[in-house]
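Subject: Structure handover

Hi,

Here is the structure I promised to pass on. Please load it first, then read my notes below.

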Amino acid sequence: MQALLAAPLAKAEELNPLLPHAIEIVLSLVVFGLLLFAVWKFVTPRFEQIYTERTQAIEGGLAAAETKQAEADAKLADLEQQLADARHEAARIREEAREQGAQIIAEMREQAQADAARIVEHGKTQIEAERQQAVTSLRAEVGTLATSLAGRIVGESLEDDERSSRVVERFLADLETIEASQVSGGGAN
Amino acid sequence: MTFAASVVRTAEGSDGFTPPGPHDFDLPAIGGGHDTFEMFGQTFVLGVTKPMLQIVLAAILVFAFFYAAARKQQMVPSRLQFVGEEAYGFVRNSMGRDIIGGHDFARYVPYLFTLFFFILLNNLFATIPFIQFPTFSRSGMVYGLAILSWLIYNIAGMRRHGVLGYLKLQTVPGGIGGPMLILLIPLEFMSNILVRPVTLALRLFCNMFAGHLLLILFALGGEYLVTEMSAQYAPVGVLAWLLFIAVAFLEVLIQFLQAYVFVLLNAMYISGAIADEH
C-alpha cells in the first residue's frame, strides 16, 4: 500500500506551484466578486455618505462662524463710527459753548460798563443840580445876609432897595468870578 | 498533501532531513477525500481544502467588520466606526484620490478598498495562530485576482477612450514618431497589456509562497535538529526557532506591503488607463 502511494508521490514532488489549481481561480473570483458586490452595496456608500455629511457639517459651521464674525466686525465698525461721531459732536458743542460763554461775558461786561457810566452820569447830574440849587439858595441867603450886614454897618442909607440890590449883584458877580477862577485852578490841579 | 508528504518523510526519515517544498502547499481535502483530477499534466486534489475555506472566511470577516463599522452612521463616530472610517479613508485617499485622482476615482474606491483588505486578511492568515497558511501561496487564488485586475483596468480604459483609442494610449508613446514606433509599439503592448497581470500575480504569490516556505524551514529544521540529531545540535535548533519568530514578524510586514503594493499597482494601472495623456 505504501509502495503504491509512494510511486505517484515521487511525481508529486516535482509539482510546479506556478501551475494553478483551476477551481481556486474560479473560487477566488467568485468569493472576491461577492465580497466586492456586498461592500459596494452596503459598506462604501455609507462611508461616503458620512464623509459628505461631516464635510458639510464642518464647512457649514465654518461658514456660520465667518458670517457671525463679519456681523460682529460690522457692528464694531458701526459702534466705533458712532463713538467718533459722538466725540466730534461733543467737541463741537463744547466749542460752541465756549464761544457763547465768551460772547456772554463780553456782553455782560459791556452792559456793566454802560450801567456804570449811566450811574456815574446820573450821579453827576444830580450833584450838579443839587449844587445849582445850593448855589441859588446860598446866593439868595448870602445876599440877604450881606445886605443886612452891610446895612447894619453902613446904616439906614443903604435901605433903599434899588441900590442895595445893585450892590449885592455886583458883589456876587465878583464872588463868582473869584469862584470860577478858583474852580478852573482846582480843575487844573 | 501534508498527509502524503509526512508519509514520504517517514518513509525516508532514516535517510535524513526532508526539506520543505511545493508539496507542503498542496494540502489535502478536508474530510480526508482522496479524489484527484488531472490538469496541466499535474494531479490536483479534488475537494475543499484549507485555503479554500480561508478565502471564504476572509471575505466573510472583511464584510462583517466593515458592515458593523459602517452600520451606525454617527457624526461623532464610535470606536469601531472610527477604525472602519480610518481604514476606508486610508485606501480611499492614499490610493484612490491621490493616484487615480479627479472626479473618477470614487467609482474605483470600492474595488480598491475591498481588494486591499481582502488580500491583507488572507496574507495575515499566514501568521494568525491555528490558521497559519497564506491563502495566496496558492497560485490559483492569485491568478483569479490578477485576471480581475487586468479586466478592470483594461475595460476602464476602453470605456474611456474606446478600444482603439485605448490601445493607442497604452502602446504609442507620446512625442515619438517614425520607425521607432515599430520597435516601441510591441514593447509597450507587452509591458502595459501582457506582462502587468503576470507580474502582479507573481509578486504576491511568490512573496507569500517564499515567506511560508522559509517559516516551514525554520520550524521543521529546528525540530529536526532538536529531536532527531545528537544533543550538541540542539542549541542550533533553538536558534532556528528564535529565527522563526523573527522571520514571522518580518512576514507580517511583507504581508501588509504585498497587499498594499497589489492595490497600489491596481490604482496606478487604472489611473494610466483612464488618463488623457500617455
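Start with the strands of chain B. Strand 1 (residues 36–39) and strand 2 (residues 42–45) of chain B pair in the antiparallel sense, over 4 bridges. Phe37(B) has Phe44(B) as its bridge partner in strand 2 of chain B. The hairpin has 2 residues between the strands. Phe40(B) takes a positive phi there, near 50°. Keep in mind throughout that this is a predicted model.

Next, the overall make-up. Chain B has 8 helices and 2 strands. From the N terminus on, its elements run α-β-β-α-α-α-α-α-α-α. Of its 278 residues, 36% count as buried. Take the contacts in chain B with a separation of 6 or more: residues 24 or more positions apart account for 60% of them.

Chain A has 3 helices and 0 strands. Its elements run α-α-α from the N terminus on. It has 189 residues, and buried residues make up 8% of them.

Now the interface. On the chain B side, 43 residues are in contact with 38 residues of chain A. Which elements of chain B each supply at least two residues to that side? They are helix 1 (2–12), strand 2, helix 2 (50–71), helix 3, helix 4 (105–124) and helix 5 (139–161). Helix 2 of chain B gives the most, with 9 residues. By class, the side of chain B that touches chain A has 31 nonpolar, 9 polar and 3 charged residues.

Helix packing within chain B comes next. The axes of helix 3 (residues 79–100) and helix 8 (residues 234–274) of chain B come within 9 Å and cross at roughly 30°. An angle under 35 degrees counts as roughly parallel, so helix 3 and helix 8 of chain B are roughly parallel to each other. The crossing of helix 3 and helix 8 of chain B is right-handed. From helix 3 of chain B, the contact is made by Val91(B), Met95(B), Gly96(B), Ile99(B) and Ile100(B). From helix 8 of chain B come Val263(B), Leu264(B), Ala267(B), Met268(B), Ile270(B) and Ser271(B). The residues of this contact divide into 9 nonpolar, 2 polar and no charged.

Two single residues are worth a look on screen.

Is Met208(B) buried or exposed? Met208(B) lies in helix 7 (residues 180–227) of chain B. It has 29 other C-beta atoms within 10 Å. The cut-off for buried is 20 or more, so Met208(B) is buried. Not counting residues up to four places away in sequence, Met208(B) touches Asn123(B), Ala126(B), Pro134(B), Phe136(B), Ser137(B) and Gln258(B). Gln258(B) is 50 residues from Met208(B) along the chain, and their C-alpha atoms are separated by 8.6 Å.

Gln132(B) sits in the loop between helix 4 and helix 5 of chain B. It has 15 C-beta neighbours inside 10 Å. Buried needs 20 or more, and exposed 12 or fewer, so Gln132(B) counts as partly exposed. The C-alpha atoms of Gln132(B) and His212(B) are separated by 8.7 Å, with the two residues 80 apart along the chain.

Best wishes

Notes. Residues are numbered from 1 along each chain as its sequence is written. Chains are lettered from A and ligands numbered from 1 in the order in which they are written. This is a predicted model: local features need pLDDT of at least 70, side-chain atom pairs count only at pLDDT 80 or more; totals for chains, interfaces and linings use all residues. Axes are lines fitted to C-alpha atoms, for helices over the stretch in contact, and angles run from 0 to 180 degrees between N-to-C directions. Angles under 35 degrees count as roughly parallel, over 145 as roughly antiparallel, 65 to 115 as roughly perpendicular and the rest as oblique. A crossing is left-handed if the near helix is turned anticlockwise from the far one by less than a right angle, and right-handed if clockwise. Two residues are in contact if their C-beta atoms, placed from the backbone, lie within 7 Å. Ala, Val, Leu, Ile, Met, Phe, Trp, Tyr, Cys and Pro count as nonpolar, Asp, Glu, Lys and Arg as charged, and the others, Gly among them, as polar. Two strands pair if DSSP finds at least two bridges between them.
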